[in-house]
Amino acid sequence: MTKDQKVVAIQEIKDLLQDAKVVYVADLEGLNAAKSSDFRRQAFKQNIKVKVVKNTLLQKAMEQIEGVDYSEMFVSFKGNSAIMVAETANAPAKLIQGFRKKEEKPALKSAFVQETFYVGDNNLDMLANIKSREEMIGEIIGLLQSPIQRVVSALQNKSEAVEATTEEVAAPAVEETPAAEAPEAAAESTEETSAE
């Protein structure tokens, strides 16, 4: 690779990493062309950008990125490396996990997620369980709706209780209608006492 080609390759990596909030470095070594192609296809469907890179060029590109010090990841740059850039924090980890149900690779080398560095494949499960922004928003909305739903439910139960109480009060009045015959009986007994 000529010096000019290296400069172009470093710039491409920088463009990919610029403003990235989620960056994974994975080892795809051992995947044949068909499996590698399948992995890329699945990544594309999940809006994950994948690029196989040389470790030295990746390190040089990361050193030139302003605002983030990627140096913690450099120890993992050995062998075959592919960078994965995504919007959703756990998407690359879930993709790797799903792919590894059938294959031994890819393996996680390191990741930069939510301003935190993770080095080593042992972090894969933890990264897969990180909630995405959409999941967090959904949970927050659910938590906010919960008290409102309780209030609405309580108000509905109270109105049902008021209706039930009104029906109970009205029900005895209906039962007293047979007692309307009682005044006639009372009148008869009054007539009997006055006849005496």
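Does I130 count as buried or exposed, and at what relative accessibility? Welcome to this predicted model; the close-ups below begin with that residue.

**View 1. I130 sits in the loop between α5 (124-128) and α6 (133-175).** With a relative accessibility of 12%, I130 counts as buried, because the cut-off for that word is under 20%.

**View 2. The whole chain contains seven helices and five strands.** Among the 196 residues, 32% count as buried. Of the contacts with a separation of 6 or more, 77% join residues 24 or more positions apart. The chain exposes about 13100 Å², and carbon and sulfur atoms supply 53% of that area.

**View 3. Helix α3 (residues 55-64) has buried residues along one face.** Those buried residues are N55, L57, L58, A61 and M62. Looking down the axis of α3, you find them within an arc of 160°, so they line one face of the helix. What do the buried residues of α3 pack against? Their partners are the helix α1 (3-17) and the strands β1 (22-27), β2 (49-53), β3 (81-86) and β4 (107-113).

**View 4. Y70, F112 and F117 make up one aromatic cluster.** The chain has five aromatic pairs. In one of them, Y70 and F112, the ring centres are 5.5 Å apart and the planes stand at 70°, so the pair is edge-to-face. Y70 belongs to the loop between α3 and β3 and F112 to strand β4, so this pair ties together parts that are 42 residues apart in sequence. Y70 also pairs edge-to-face with F117, at 6.3 Å centre to centre and with 80° between the planes. Because F117 lies in strand β5 (residues 116-119) and Y70 in the loop between α3 and β3, the parts tied together by this pair are 47 residues apart in sequence. Y70 and F112 are buried, and F117 is buried too.

**View 5. Strands β4 and β5 pair in the antiparallel sense.** Four bridges join β4 and β5, and V113 has T116 of β5 as its bridge partner. The hairpin has two residues between its strands, and Q114 takes a positive phi near 50° there.

**View 6. The largest nonpolar core has 26 residues.** Which members touch the most other members? They are Y24, F39, I48, M84, V113 and L127. At least two residues of this core come from each of β1, α2 (33-45), β3, α4 (91-99), β4 and α5. The largest share, five residues, is supplied by α4. For a closer look at F39, set aside its neighbours within four places in sequence: F39 is then in contact with L28, V50, M84, L95, I96, F99 and P106. Another core, of 22 residues, lies apart from the largest one, and its members include I13, V53, M73 and F74.

Methods
Residues are numbered from 1 along each chain as its sequence is written. This is a predicted model: local features need pLDDT of at least 70, side-chain atom pairs count only at pLDDT 80 or more; totals for chains, interfaces and linings use all residues. Side-chain values use heavy atoms; hydrogens and water are left out. Buried means under 20% relative accessible area, exposed over 50%, partly exposed in between (1.4 Å probe, protein chains only). Contact means heavy atoms within 4.5 Å. Accessible areas come from the Shrake-Rupley method with a 1.4 Å probe; for residues, only the protein chains shown count as cover. The arc is that of the directions from the helix axis to the C-beta atoms. Rings of Phe, Tyr and Trp (its six-membered ring) pair if their centres lie within 6.5 Å; planes under 30 degrees apart count as stacked, over 60 as edge-to-face and the rest as tilted. Two strands pair if DSSP finds at least two bridges between them. A nonpolar core is a set of buried Ala, Val, Leu, Ile, Met, Phe, Trp, Tyr and Cys residues joined through side-chain atoms within 4.5 Å.
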